[in-house]
Amino acid sequence: MTALFAATATVDRTKDVARVSTGRVVLWVGQVLVAGMFLMAGGSKLAGTPEMVAMFNAVGIGQWFRYVTATIEVGSAIALLVPPLALYGALALVATMTGAVFTHVFIVGGSPLPALVLGALSAAIAWARRDQL
């Protein structure tokens with residue numbers, strides 16, 4: 001009888017381990033993809049592509065704000081790839097994308113959809129990492 005219960009407990013644990021491992025893999029793949037998107041977006045701002053320069057001219061605050069935004073995006077993208085910092089990187093990106101959505105809707109025009117999607121993905125990462133608080 002004891003061997004039967006021990007085998008059953010082992011099977012249940014392996015199912016839990018497989019479920020946790022799959023969830024972690026999905027989370028990490030998502031984090032890497034989101035980090036890549038923000039590295040590209042922040043990199044284009046740092047590089048001074050004409051589209052980014054024009055957009056930040058339309059915002060009207062100045063080009064220094066482009067550098068600040070790019071630094072936040074690149075720094076947070078790197079933080080997403082460092083396990084103890086992933087939550088904080090995701091939270092910074094949620095705040096940044098919230099500002100980006102409002103900027104697109106009320107100042108610059110254009111579609112806020114990319115900022116909404118990236119903000120939602122960052123929020124999902126923050127939610128998944130909430131136990132790190």
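Q: Which residues are exposed on the other side of helix 2, and what makes a residue exposed?
A: They are Pro50, Glu51 and Asn57. Exposed means over 50% relative accessible area, buried means under 20%, and partly exposed lies in between (1.4 Å probe, protein chains only). The model is predicted, so local features need pLDDT of at least 70 and side-chain atom pairs count only at pLDDT 80 or more, while totals for chains, interfaces and linings use all residues. Residues are numbered from 1 along each chain as its sequence is written, and side-chain values use heavy atoms, without hydrogens or water.

Q: How do you know that the buried residues of helix 2 line one face?
A: The buried residues of helix 2 (residues 50–59) are Met52, Phe56 and Val59. Seen down the helix axis, they fall within an arc of 45°. The arc is taken from the directions from the helix axis to the C-beta atoms. These residues therefore line one face of helix 2.

Q: Why is the pair of Lys45 and Glu73 called a salt bridge?
A: The definition asks for a side-chain nitrogen of Lys or Arg within 4 Å of a carboxyl oxygen of Asp or Glu. The closest N and O atoms of Lys45 and Glu73 are 3.1 Å apart, so the pair meets the definition. Lys45 lies in helix 1 (residues 2–47) and Glu73 in helix 3 (residues 63–80), 28 residues apart; the pair links distant parts of the chain. A search of the whole structure finds one salt bridge.

Q: Is Lys45 buried or exposed, and how do you know?
A: Lys45 has 6% relative accessibility. That value is below the cut-off for buried, so Lys45 counts as buried.

Q: What does Lys45 touch?
A: Leaving out residues up to four places away in sequence, Lys45 touches Met52, Phe56, Arg66, Thr69, Ala70 and Glu73. A contact means heavy atoms within 4.5 Å.

Q: Is Glu73 buried or exposed, and how do you know?
A: Glu73 has 3% relative accessibility and therefore counts as buried.

Q: How do you know that the span of helix 5 agrees with its number of residues?
A: The expected span is 1.5 Å times one less than the number of residues. For the 16 residues of helix 5 (residues 113–128), that gives 22 Å. The end C-alpha atoms are 22 Å apart, so the two values agree.

Q: Which residues of helix 5 are buried, and what puts them on the same side?
A: The buried residues are Ala115, Leu118, Gly119, Ser122, Ile125 and Ala126. They cover an arc of only 120° around the axis, which puts them on the same side of helix 5. The face turned away from that buried side carries the exposed residues Leu113 and Trp127.

Q: Why is Val101 called buried?
A: Val101 sits in helix 4. Its relative accessibility is 16%, so Val101 counts as buried. Val101 touches Pro112, Ala115 and Leu116, not counting residues up to four places away in sequence. Val101 and Pro112 are 11 residues apart in sequence, with C-alpha atoms 5.2 Å apart.

Q: Why is Leu33 called exposed?
A: Leu33 lies in helix 1. Its relative accessibility is 57%, so Leu33 counts as exposed.

Q: Which residues make the nonpolar surface patch?
A: Val32, Leu39, Ile78, Leu81, Val82, Leu85, Tyr88, Leu91 and Leu133 make a patch of about 810 Å². Helix 1 and helix 4 (86–108) each give two or more residues to it. Patch residues have over 30% relative accessible area and no salt bridge; nonpolar side chains (Val, Leu, Ile, Met, Phe, Trp, Tyr) are joined within 5 Å, like charges within 9 Å.

Q: What share of the chain counts as buried?
A: Of the 133 residues, 29% count as buried.

Key:
Helices (H or I, at least four residues) and strands (E, at least two) are DSSP runs, numbered from the N terminus. Accessible areas come from the Shrake-Rupley method with a 1.4 Å probe; for residues, only the protein chains shown count as cover.
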